[in-house]
Amino acid sequence: MPHKLFEIDKEIPEREKHIYIKHCSDEDNEIDCNKSTIPGCMTERGCALAGGRGGVITGAIKDVIGLVHSPVGCQYYTTGVKRYPSKPQLPNGKTFPIDNFNLKYSFGTDLKEANVVFGGTKKLKEAIIESNKEYPFASAIYVNSTCTTGLIGDDVDAVCKEMTEELGKDVVAFNTPGFSGVSQSKGHHITNDAVFDRLVGTKEPPKTTGYDICLIGEYNIDGDLWVLEKYLTEMGLNILSRFSGDASHDELCWMHRSKLNLVRCQRSATYIADLIEEKYGVPYKKVDFFSTEYCDDNLRMLGRYFGLEEEAEVVIEKYHGEVKEELKWYKEQLSGKKVYIFSGGPKSWHLSIPLEKELGLDIIAVASQFEHLDGYDKMKARVKEGTTILDDPNSLELEELILTNKPDLILAGIKEKYLAYKHGIPAIQIHSYENGPYIGYEGFLNLAKDIYNNINAPVWELMDFESE
Ligand code: SF4
């Protein structure tokens, strides 16, 4: 019985194939995933625009105007939904005049009925020219199409081509109408392809070294990237490009000059690593830096690859040494606490082993809104028998799980956090974090602290919560 139908799903029996109970003798049984949400389910997924622009990828780039061609509603997914800070320094030695430009400013065409009836390209051109006039220092303009502009057939590519010539800077089209895929995952794929087709290979870096790497799928959530940069730089590597946390437009254009690409978020960004390897012969490695053990392993792997073994050991000793004792204490306090990981993407498999092994937690359910089969295979391989694995879960299923299993903590996004609170269950934002960064040695300690503080907050004893 590897699949399970929740009580709440009785009227939508198709959900059974999306919910799997890990069973050691049934490894071949697949989870239904990366398909359209079943009618009747109130999905928590985002759309392709959300995936390409706001959720990750282009929303993290610090020196571009991100312009959404749509009625104003889609604008919500352009900025502020993720915490990916950026520093104003640019690779050409200049400083971008507005700090955290990518988080503070949002641009859109705000289409109205007349534009939908007669076409929106005129308004798009005006918006590109106007935003460039307001912020002439922006290195490029990225334009996202949406459901409305996809349906009315505005030729965004042609407008961007014309504007590139007129303005003398890259104006790039990302064709991300929400309906182009079943979830935000499609937006990741489209955006990877567009960056590769339109930008990679179009510029050369100011200098190269034999130790140049590109961090792919690292979005600098709450400063994650800066932690990794510190380790990698200290061991002698040079970060040539980032895709795309704290990245500049130019860095994307010279990703082809990297000696090795490291893929952090393997769901949203392996696409571009594959394309770069195929065309430019740059190899890539999939890496994992959540937890001390994964950090040790991956830094050692990089040390071996670049002949920097000793340097890697120095970094490991320094930073692992700083957190070892404190993590031991947290493990003693947290051992046996039951946890769900309801991440949007692949954190369910990144974190399941480290949380059990290094913090003593008991992972009893994991989920993803948009993982594909390869990701679920990793989840199945990394969770213990009896763990519930859910694809495209909805709030009612989460509620049923909470009432049935009474977990001690839920690691989830903003959509689940307050539902958990309503039932008196501590919840931590694992998408945008609480007091991050969460990656690396010190990041894993931050996560342990947040987990401990949430579980032990006095509020859970002081209030009455809905228990059924
Ligand atoms: S692109 Fe489509 S699905 Fe996405 S926010 Fe806009 S209208 Fe909604």
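## A tour of the predicted model

Ser-291 sits in the loop between strand E9 and helix H11 (292–306); helices (H or I, at least four residues) and strands (E, at least two) are DSSP runs, numbered from the N terminus. Residues are numbered from 1 along each chain as its sequence is written. Please keep in mind that this is a predicted model: local features need pLDDT of at least 70, side-chain atom pairs count only at pLDDT 80 or more, and totals for chains, interfaces and linings use all residues.

| Residue | Phi | C-beta neighbours within 10 Å |
|---|---|---|
| Ser-291 | about 90° | 26 |
| Tyr-433 | near 70° | 20 |

Ser-291 counts as buried, and Tyr-433 is buried too. Here a residue is buried if 20 or more other C-beta atoms lie within 10 Å of its own, exposed if 12 or fewer, and partly exposed in between, with C-beta atoms placed from the backbone. Tyr-433 belongs to the loop between E14 and H17. That loop, between strand E14 (427–429) and helix H17 (440–455), also holds Pro-437, which is joined to Gly-436 by a cis peptide bond with omega of about 0°.

Now to the open sheet. Its four strands run in the order E7-E6-E8-E9 with parallel pairing; two strands pair if DSSP finds at least two bridges between them. Strand E7 (238–244) and strand E9 (284–286) are at the edges with a single partner strand each, so one side of each has no neighbour in the sheet. Neighbouring strands are turned by 20° against each other on average, direction ignored. Strand E6 (residues 212–218) pairs with E7 in the parallel sense over six bridges, and Asp-212 has Asn-238 in E7 as its bridge partner. Strand E7 also contains Ser-244, and a cis peptide bond links Phe-243 to Ser-244, with omega of about 15°.

Helix H14 (residues 373–382) has Gly-375, Tyr-376, Met-379 and Lys-380 buried. Viewed down the axis of H14, these buried residues fall within an arc of 140°, so they line one face of the helix; the arc is that of the directions from the helix axis to the C-beta atoms. On the other side of H14, Asp-374 and Ala-381 are exposed.

Finally, the ligand. Around the ligand are Cys-47, Leu-49, Ser-70, Cys-74, Tyr-77, Thr-146, Cys-147, Pro-177 and Gly-178, each with its C-beta atom, placed from the backbone, within 6 Å of the ligand.

Terms used. Axes fitted to C-alpha atoms, helices over the stretch in contact; angles between N-to-C directions.
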